[in-house]
Amino acid sequence: MATTWSFLNSKQESSSNFDKLSEIGRGAYGTVYKARDRKSGQYVAMKQIPLPYSKEGVPTSAIREIAALRRMENFEHENIVRFLDVIVNNSGGRTYLTLLFEYIDQDLSSFLEKYPSPSLEQDIIRNMMKQLLSGIDFLHCHKVVHRDLKPQNILVTRNGLLKIADFGLARSYTFQMTLTAVVVTLWYRAPEVILQAQYASPVDLWSCGCIFAELFNRRPLFCGQSEIHQLAKIFEILGLPSKEEWPENAVLLWSSFTPQLKKPLEECVREIGPLAKELLTVSFTYKYINLPVGWELNG
């Protein structure tokens, strides 16, 4: 346990220096609050992760999140939410791991909801995608794959600065690793993840493509109600991969789906221009669906 705390480099202190103001998000591993530092008056986002009563120590998910954040914190990339501190504290008879981040009052989902209809201007879409891909490039250059990119995990400041947030499913990666299939919210999940095949950092690019299309359409492109339905939605637009492209270790057979031809993207994504279509086509490539052994991720 002492080794774990040393790794986390946490402060053994109370979070009573911060006033909780409102709950702004709740996930499988913790709850996020808007809070205010009593000393400085600064607003922060406070993510509280309850620690188990057992002797198992800090949850693996929390260790991975902090490891990813620690890997990036010295660089302060403008498109990555700024990690401020980690605190171990007690409240109501329970022990919590509390992560502190800079506070930004809207995510991309709420930004799109509030933006006047019918669509975003092309220069806004271009600027947002440039920032998103810059942030993803930074993560991948530092061997971090986010694995849960979606509008709710992308923050937008009042002056239009975009920041990638919520690293609860992020993973540092290397070669020769195994994987877990339960990553990425369904509508933004790459086919290789749904098929429980080997995958790597391109799963983030697939999610970026889904977000890119959503900036044009103001709604998700693939809205499946189950994993099989999600695949059907993808194949309905992008066509069924060839039998040769289908992963040998997939949980579903290629023959489970009806062969379909690819639709022109301009029919599915309104007002998309040639360069934007090219970027979207690259994001939605199937060439990563059957990666060679050794490229997969772990955990």
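Q: Is Trp206 buried or exposed in this predicted model?
A: The model is predicted, so local features need pLDDT of at least 70, side-chain atom pairs count only at pLDDT 80 or more, and totals for chains, interfaces and linings use all residues. Residues are numbered from 1 along each chain as its sequence is written, and side-chain values use heavy atoms, with hydrogens and water left out. Relative accessible area under 20% means buried, over 50% exposed and in between partly exposed (1.4 Å probe, protein chains only). At 2% relative accessibility, Trp206 is therefore buried.

Q: How many aromatic pairs does a search of the whole structure find?
A: Rings of Phe, Tyr and Trp (its six-membered ring) pair if their centres lie within 6.5 Å, and planes under 30 degrees apart count as stacked, over 60 as edge-to-face and the rest as tilted. On this basis, the search of the whole structure gives a total of 11.

Q: Why is the pair of Tyr43 and Tyr103 classed as it is?
A: The ring centres of Tyr43 and Tyr103 are 6.4 Å apart. Their planes stand at 50 degrees, so the pair is tilted.

Q: What is the relative accessible area of Tyr43?
A: Tyr43 counts as partly exposed. Its relative accessible area is 38%.

Q: What is the relative accessible area of Tyr103?
A: Tyr103, too, falls in the partly exposed class. The value for Tyr103 is 23%.
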